[in-house]
Amino acid sequence: MATPPRDALRFETRAIHAGQEPEELYGAVNVPIYQTSTYAQPAVGRPKRYDYARGGNPTREAFQTALASLEGGARALAFASGLAAEATLLLTLRPGDRVLLPDDVYGGTYRLLARVLSAWGLEHDVVDMTDPDALRDAIRPETRLVWVETPTNPLLKIVDVAACAEIAHAAGARVVVDNTFATPYLQRPLELGADVVVHSVTKYLAGHSDLVMGAIVTSDEELAERLAFLQNAVGAVPGPMDCYLALRGLKTLAVRMRAHCEGARAVAGFLADHPKVARVHYPGLPHHPGHAVAARQMADFGGMVSFEVASEAEAIRIAESTELFFLAESLGGVESLIEVPAPMTHASVAGSPLEVPPTLIRLSVGLEHPEDLIADLARALG
Ligand code: P1T
């Protein structure tokens, strides 16, 4: 049987082969780490392929090609962090433009708009995007970008990407989806009608809590050209070593995500039955308000779970009591993490319309055996 054409290959295969031909000189099966800042040029103004490493690097390019393939996009661009990717994307807007944010979003995304770019005349509004009528009403003539996060951080709300794209496009706005929590293995926003995908590569894509990196993916050629210009002109690029590690992470994304989902399902089920747990937020639970939409637009429900307990002091006590779940910010690595979003990852939304309950605990369910994780939580809950 002949091998199908490259773009017809399945997700797991593209994760290992897209942009990853064996290296030409010695046949190394891994893309080398091109640790260089510049490239010798055969003649003035005629570089071989790259002139300077802020503008391009073969290790970075391999990662970008693989990620674009997994998201089903024409172009991907890598950045020094998720927030660097977001900031560069927002630099395509102009003073007076507005960004519509969801009422639950990563605290750093909110801080970037509310406390940095607002000084440059970029305005923002906040709305509950799970309500299509509210979304329609919140879009103003100046709204250029509708910023979707689904599942949201930290409340795991689900936004219907296709419905959102229809409403935004009718009003002349672009839709960007932060696909960090879902990853392209579970959800491909461009196929659902979104214009742009952003990632904190730091999380599931890299997958091993050993680097900080971001990315943007789009099939809009004009936007991609502008972003490539900005990637070089602004310069928030990742180093080749991190690109190599992120590419290595991508190769196992599918198997890791299957295991993350299985573990999170077991943990969410345990928490839902626990008397000390007031409420569990996990889109895989049938009572979750976004369950039906998640079942339609995602292949599975992801590895993140959050839950509420009786008091803030109890939330802090539990987060400080687990042994296998490390008390730490971030998510998406092989090791399980626990945190209290209000004073930690979401401290920057205090006093804003996005404030998260102080009684909320967030879990990133890693790849340890789910029964060991459940025993750890059972001990900590007491
Ligand atoms: O940390 P950085 O790579 O810059 O990515 C920022 C970012 C963007 N989008 C989402 C959905 C995120 O969760 C993050 C980073 N989040 C954490 C560090 C956290 O613990 O929630």
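Thr183 is buried, at 0% relative accessible area (buried is under 20%, exposed is over 50%, partly exposed is in between, with a 1.4 Å probe and protein chains only). Its place is in helix 7, residues 183-186; helices here are DSSP runs of H or I with at least four residues, strands are E runs of at least two, and both are numbered from the N terminus. The phi of Thr183 is near 65 degrees, a positive value in a residue that isn't glycine.

Before going on, a word on the model: it is predicted, so local features need pLDDT of at least 70 and side-chain atom pairs count only at pLDDT 80 or more, while totals for chains, interfaces and linings use all residues. Residues are numbered from 1 along each chain as its sequence is written, and side-chain values use heavy atoms, with hydrogens and water left out.

Most residues other than glycine have a negative phi, and most peptide bonds are trans. Ser209 is another non-glycine residue with a positive phi, about 50 degrees. Ser209 sits in the loop between strand 6 (196-200) and strand 7 (214-218), and at 42% relative accessibility it counts as partly exposed.

Then there are the cis peptide bonds. One runs from Thr150 to Pro151, with omega near -10 degrees. Another joins Asn153 and Pro154, where omega is about 15 degrees. Pro151 belongs to the loop between strand 4 and helix 6, and Pro154 is also in the loop between strand 4 and helix 6.

Setting aside neighbours within four places in sequence, Thr150 is in contact with residues including Lys157, Ile158, Val177, Asp178 and Gln297 (contact means heavy atoms within 4.5 Å).

**Around the ligand**

Which residues are closest to the ligand? Of the 18 that surround it, they are Asp178, Thr202, Lys203, Ser330 and Arg362; a residue is near a molecule if one of its heavy atoms lies within 4 Å of it. The largest share of the shell, three residues, comes from helix 3 (residues 82-90).

| Residue | Atom on the protein side | Distance to a ligand oxygen |
|---|---|---|
| Gly82 | backbone N or O | 2.9 Å |
| Ser200 | polar side-chain atom | 2.8 Å |
| Arg362 | polar side-chain atom | 2.8 Å |

The protein covers 92% of the 480 Å² of accessible area that the ligand has on its own; accessible areas come from the Shrake-Rupley method with a 1.4 Å probe, and for residues only the protein chains shown count as cover.

Arg362 turns up again in the surroundings of Met304: leaving aside neighbours within four places in sequence, Met304 is in contact with Arg362, Leu363, Phe181 and Tyr204, among others. Met304 is in strand 9 (residues 304-308) and counts as buried at 2% relative accessibility.

**Domains and cores**

The domain assignment gives domain 1 (9-251) and domain 2 (254-381), with bounds from an automatic or database assignment. Their centres, taken over C-alpha atoms, are 25 Å apart, and 41 residues of domain 1 are in contact with 41 residues of domain 2.

The largest nonpolar core has 69 residues, and Phe63, Leu250, Leu271, Val280, Val305, Phe307 and Leu363 touch the most other members. Such a core is a set of buried Ala, Val, Leu, Ile, Met, Phe, Trp, Tyr and Cys residues joined through side-chain atoms within 4.5 Å. Helix 10 (residues 253-272) gives the largest share of this core, nine residues. Why does the core lie between the two domains? Because domain 1 and domain 2 both give residues to it.

Beyond its neighbours within four places in sequence, Leu250 is in contact with Ala15, Phe63, Ala66, Leu67, Leu70, Leu205 and Arg256. A second, separate core has 25 residues, including Leu77, Val105, Leu112 and Ile216.

Technical notes. Polar contact = N/O pair within 3.5 Å; in protein donor to acceptor, adjacent residues only side chain to side chain.
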